[in-house]
Amino acid sequence: MNIFGKDLEILRDLVKQQKKLALSPEMDRLREDWRAHGSFKHGSRPMVTIELGTFAGDIIPGLMRCQGEEARKLEWELLGRMVNHKLFGDDSVIPAYLPVTIPTSFAPFGLPVTAEHALDTQGEDLGHHFNAQISDLEEDFHKLGPSVYSVYPEEARKRQAELEELFGDILPARLVGHSLYFCPTQDIVHIMSMEDMFFAMYDYPELFHKMMEMLSTDYIAFMDLMERENILLPTTAEEHLAQGSYCFTDELPAAAEGPLTAREVWGYMDSQESAGISPEMYEEFVFPYYEKVSERFGLYSYGCCEAVDPFWDRCLSKAKNLRKLSISPWCNEEKMGEILKDRKTVYLRKPSPNLLGVGSELEEDAVREHFCRTAKAASGCKLEIAQRDVYHINNTPEKVKRYVQLIRETLEDNWKP
């Protein structure tokens, strides 16, 4: 890394700040709260996190001081690791090391995924559209080849060494794991439109099954490669679990005596695209392949913005290793609360982003009402709040802090373990 002089001083000071916060008694207590939550300890409190990444542009640029391009990238990363704790006061954990993940790549069916992007008036990405490469599944099926995938541990080790050279006397750089991420219907709509995907289920059911079988088989082969290359690392603490959560659990190995397998780490899956089909179609065309992949995980988390309640009884209820389930704004909160009271599965609530992202001031009564309903619906469940998909906060970080306070106050008054 080409980082010198004042930029290096700034970054080293940030690493020292991270170390101080990571080793503080407050952070020790927070980790204990997460461990209690992740082990389903009776009486453990609900956990609350705010996903910074989507609105980091409203906060981090104003905090930056470095000048060099490489230094600024690293500064953004270091600041982003501490902003939640320092400005919002949520339950985000600051690690006592500099995490380095091992890059991987996966091209479904060997097709390059391309998209067209729309920019807003500030030049920021406002939205995107994936370019379809498959239109009529029967006519275009010959385009579907083996998926192309790889792992890049040497890149991770190089970055680890660079960070050690710059900051190793303050905090160690550590290779860390994260949840495995496989979402078949998402990969399919990256190469064909959702409308064409729905029609393919109706027009070419056998070919659709064949396509899903090919993709799920490739995922498993990809996991086999990860195991052979020994790049799977423990996922039992503050490692990233998709959808704004953490991996804290006592059901998986926290230390590896030898190479880990996929059955010893967390996985993640969702099928937002299935919101447009019936439970019967989900059971026939989607779930068998999700089940095939998810059975390979040690534990897994399921769901993003889709409603999961329509697919629970016939499909998702069968998963014995399902530990976190997304309860989105489109989900029947009360139904899923009744169901999850009797299961070892976290009620992972994804609140409406409008509560936080619209306007410069909170509508506090609306926030209280929203989380009062959640608290009552999820009483008796292990409850976790993961606020996601907020793209702007009108440059008001104090609004986020107040939002977290209101959530906690409302849950304390209305949620029962």
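**A tour from ring to sheet**

Select Arg174 and Tyr97. Arg174 lies over the face of the Tyr97 ring, 4.1 Å from the ring centre. Keep in mind that you are looking at a predicted model.

**The aromatic pairs**

Now show the rings of Phe, Tyr and Trp. How many aromatic pairs are there? The count comes to 18. Two of them are on this tour.

Start with Phe55 and Phe88. Their rings form a tilted pair. A pair of aromatic rings is described by the distance of the centres and the angle of the planes. For Phe55 and Phe88, the centres are 6.0 Å apart and the planes make 40 degrees. Where do the two residues sit in the chain? Phe55 is in the loop between E1 and helix H3 (69-88), while Phe88 belongs to helix H3. The pair links distant parts of the chain, 33 residues apart. Are Phe55 and Phe88 buried or exposed? Both are buried.

Move on to Phe182 and Tyr219. This pair is also tilted, with 4.7 Å from centre to centre and 40 degrees between the planes. Phe182 is in the loop between E8 and helix H6 (184-189). Tyr219 is in helix H8 (residues 205-228). Again distant parts of the chain are linked, here 37 residues apart.

Why does Phe182 count as buried? Its relative accessible area is 3%, and buried means under 20%. Tyr219 counts as buried too, because its relative accessibility is 1%.

Switch to a cartoon view. Find the open sheet of seven strands. Trace the order E1-E15-E14-E13-E12-E11-E8; the pairing is parallel. Which strands are at the edges? They are strand E1 (47-50) and strand E8 (180-181), and each pairs on one side only.

Zoom in on strand E14 (residues 346-349) and strand E15 (residues 383-387). The two run parallel and are joined by three bridges. Pick Tyr347: its bridge partner in E15 is Leu383.

**Helices on the sheet**

Finish with helix H2 (residues 25-38). Which strands does H2 lie across? They are E1, strand E13 (322-327), E14 and E15. H2 runs at about 115 degrees to E1.

Technical notes. Residues are numbered from 1 along each chain as its sequence is written. This is a predicted model: local features need pLDDT of at least 70, side-chain atom pairs count only at pLDDT 80 or more; totals for chains, interfaces and linings use all residues. Side-chain values use heavy atoms; hydrogens and water are left out. Two strands pair if DSSP finds at least two bridges between them. Helices (H or I, at least four residues) and strands (E, at least two) are DSSP runs, numbered from the N terminus. Contact means heavy atoms within 4.5 Å. Axes are lines fitted to C-alpha atoms, for helices over the stretch in contact, and angles run from 0 to 180 degrees between N-to-C directions. Rings of Phe, Tyr and Trp (its six-membered ring) pair if their centres lie within 6.5 Å; planes under 30 degrees apart count as stacked, over 60 as edge-to-face and the rest as tilted. Buried means under 20% relative accessible area, exposed over 50%, partly exposed in between (1.4 Å probe, protein chains only). A charge sits over a ring if NZ of Lys or CZ of Arg is within 6 Å of the ring centre and within 35 degrees of the ring normal.
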